[in-house]
Amino acid sequence: MDSPEHSKLSKILFNPIVRNCSITAFSIGAAFGAGLVHGFNGEISSDHVTRVEYERLELQMSLTEVEAILGRGTEVDRSESTTTVIWTNRDGSSIEAIFEGDRMIKKAQSRL
């Protein structure tokens, strides 16, 4: 048979307000956790890097100007004089730019 404690617990757990708040809290936590995992993996990928954006890029643009077109990229290499940044779509297509100082000296695309 049901004990008085079990009956109280059942009333609390099956209360629609408590149930809805629990579901909402779980959903927010799951979404936040997925965002953290994405950030911790260091992956910044999108599906907006296209041939059109690639064609808009001009040599001697600053990194800030390039990021205004493509969004934030991922730095993949740095030497004393150059920095290589890449923007990758989920399908693996990408744009790569090499900067000397703050100016783009080379650009390349793959499968756009």
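**Reading labels from a predicted model**

Student: What does S94 touch, not counting residues up to four places away in sequence?

Tutor: S94 touches I86, W87, T88, A108, Q109, S110 and L112. Keep in mind that this is a predicted model.

Student: Where is S94 found, and why is S94 called buried?

Tutor: S94 is found in strand β4. Its relative accessible area is 10%. Buried means under 20%. The value 10% falls under that cut-off, so S94 is buried.

Student: W87 was on that list. What does W87 contact, leaving aside its neighbours within four places in sequence?

Tutor: W87 is in contact with V49, V66, E67, L70, G71, R72, G73, S93, S94, I95, A97 and F99. W87 also belongs to the largest nonpolar core, which has 13 residues. There, L57, V66, L70, W87, I95, F99 and M104 touch the most other members. The elements giving two or more residues to this core are α4, β3 (82–89) and β4 (94–100).

Student: Now charges. How many salt bridges does the structure hold?

Tutor: Three.

Student: What makes R78 and E75 a salt bridge?

Tutor: Their side chains come to 2.8 Å, N to O. The cut-off is within 4 Å. The distance of 2.8 Å meets it, so the pair counts as a salt bridge.

Student: What about E55 and R51: what distance makes them a salt bridge?

Tutor: The N to O distance is 3.0 Å. That is within 4 Å, so the label holds. E55 and R51 both lie in helix α3, four residues apart, about one turn of the helix.

Student: Why are E55 and R51 called partly exposed?

Tutor: E55 has a relative accessible area of 47%, and R51 has 39%.

Student: Which residue forms a salt bridge with E65, and what makes it one?

Tutor: R103 does, with the closest N and O atoms 3.5 Å apart. That is within 4 Å, so the pair qualifies. This pair links distant parts of the chain: E65 in helix α4 (residues 63–70) and R103 in strand β5 (residues 103–110), 38 residues apart.

Student: What else does R103 touch, not counting residues up to four places away in sequence?

Tutor: Besides E65, R103 touches Q60, M61, S62 and I98. A polar atom of the R103 side chain lies 3.0 Å from the backbone oxygen of Q60. The C-alpha atoms of R103 and M61 are separated by 5.4 Å, though these residues are 42 apart along the chain.

Student: Last one. How do you know that E53 has no salt bridge?

Tutor: The nearest side chain of opposite charge is R56, 5.1 Å away. A salt bridge needs a distance within 4 Å, so E53 has none.

Student: Where does E53 lie, and what is E53 in contact with?

Tutor: E53 lies in helix α3 (residues 51–56). Leaving aside neighbours within four places in sequence, E53 is in contact with H48, I69 and L70.

Terms used:
Residues numbered from 1 in each chain as written. Predicted model: local features only at pLDDT ≥ 70, side-chain atom pairs only at ≥ 80, totals over all residues. Heavy atoms only, no water. Buried < 20%, exposed > 50% of the residue type's maximum accessible area, 1.4 Å probe, protein only. Lys, Arg positive; Asp, Glu negative; His and termini not counted. Contact = heavy atoms within 4.5 Å. Polar contact = N/O pair within 3.5 Å; in protein donor to acceptor, adjacent residues only side chain to side chain. Core = buried A, V, L, I, M, F, W, Y, C linked by side-chain atoms within 4.5 Å.
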